[in-house]
Amino acid sequence: QVQLVESGGGLVQPGGSLTLTCAASGSIAGIYGMGWYRQSPGKQRELVAALHNIHKDDPTTVYGGSVKGRFTISKNNAANTVWLQMDNVAPEDTAVYYCNADAIGGIEYWGQGTQVTVSS
């Protein structure tokens, strides 16, 4: 089992910055990818950013189209923590942000979600 705990959500003004943190614990050796998804009311959950082959020094990075150039995903050396640096945020970035981990055997884990609200 893997547990994912997100933190760092909150209220931020348009054009501002926010950093989300996801800490993984438990059977993390089987994880090969971690990332962030988001979901706003009435919309489907969408990919924000993800790291594939997370145990490599230079993992493959994937970004959703709407956040490219504004958000940055990163990890620590132990590959048990990922961050999402959100810069130049806009009201349409308002959503619940979920941490995701993909593990061997096709197992997927999700965090409980953290609310990000972009408003003046």
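Is Arg-70 buried or exposed, and at what relative accessibility? In this predicted model, Arg-70 counts as buried, at a relative accessibility of 17%, where buried means under 20% relative accessible area.

**View 1. The salt bridge between Asp-93 and Arg-70.** The side chains of Asp-93 and Arg-70 meet in a salt bridge, with a distance of 2.7 Å from N to O. Asp-93 lies in the loop between E8 and E9, whereas Arg-70 lies in the loop between strand E6 (60-63) and E7, so the pair ties together parts that are 23 residues apart in sequence. The relative accessible area of Asp-93 is 0%, and this residue is buried.

**View 2. The salt bridge between Arg-38 and Asp-93.** Asp-93 also takes part in a salt bridge with the side chain of Arg-38, for which the N to O distance is 2.9 Å. Because Arg-38 belongs to strand E4 (residues 31-39) and Asp-93 to the loop between E8 and strand E9 (95-103), this pair ties together parts that are 55 residues apart in sequence. Arg-38 is buried, with a relative accessible area of 6%.

**View 3. The salt bridge between Arg-38 and Glu-46.** The side chain of Arg-38 also meets that of Glu-46 in a salt bridge, at 2.7 Å from N to O. Glu-46 is partly exposed, its relative accessible area being 34%, whereas Arg-38 is buried at 6%.

**View 4. The salt-bridge network.** The count of salt bridges comes to 3. With Asp-93 and Arg-70 joined by a salt bridge of 2.7 Å, N to O, salt bridges that share partners join Arg-38, Glu-46, Arg-70 and Asp-93 into one network.

**View 5. The surroundings of Asn-76.** Asn-76 is placed in the loop between strand E7 (71-75) and strand E8 (81-86). Its side chain makes a polar contact with the side chain of Asn-80, at a distance of 2.6 Å, and the side chain of Asn-76 also reaches the backbone nitrogen of Thr-81, at 3.1 Å. When neighbours within four places in sequence are left aside, Asn-76 is in contact with Thr-81 and Trp-83.

Conventions: Residues are numbered from 1 along each chain as its sequence is written. This is a predicted model: local features need pLDDT of at least 70, side-chain atom pairs count only at pLDDT 80 or more; totals for chains, interfaces and linings use all residues. Side-chain values use heavy atoms; hydrogens and water are left out. Helices (H or I, at least four residues) and strands (E, at least two) are DSSP runs, numbered from the N terminus. A polar contact is a pair of N or O atoms within 3.5 Å; within protein, one must be able to donate a hydrogen and the other to accept it, and residues adjacent in sequence count only if both atoms are side-chain atoms. Contact means heavy atoms within 4.5 Å. A salt bridge is a side-chain nitrogen of Lys or Arg within 4 Å of a carboxyl oxygen of Asp or Glu. Buried means under 20% relative accessible area, exposed over 50%, partly exposed in between (1.4 Å probe, protein chains only).
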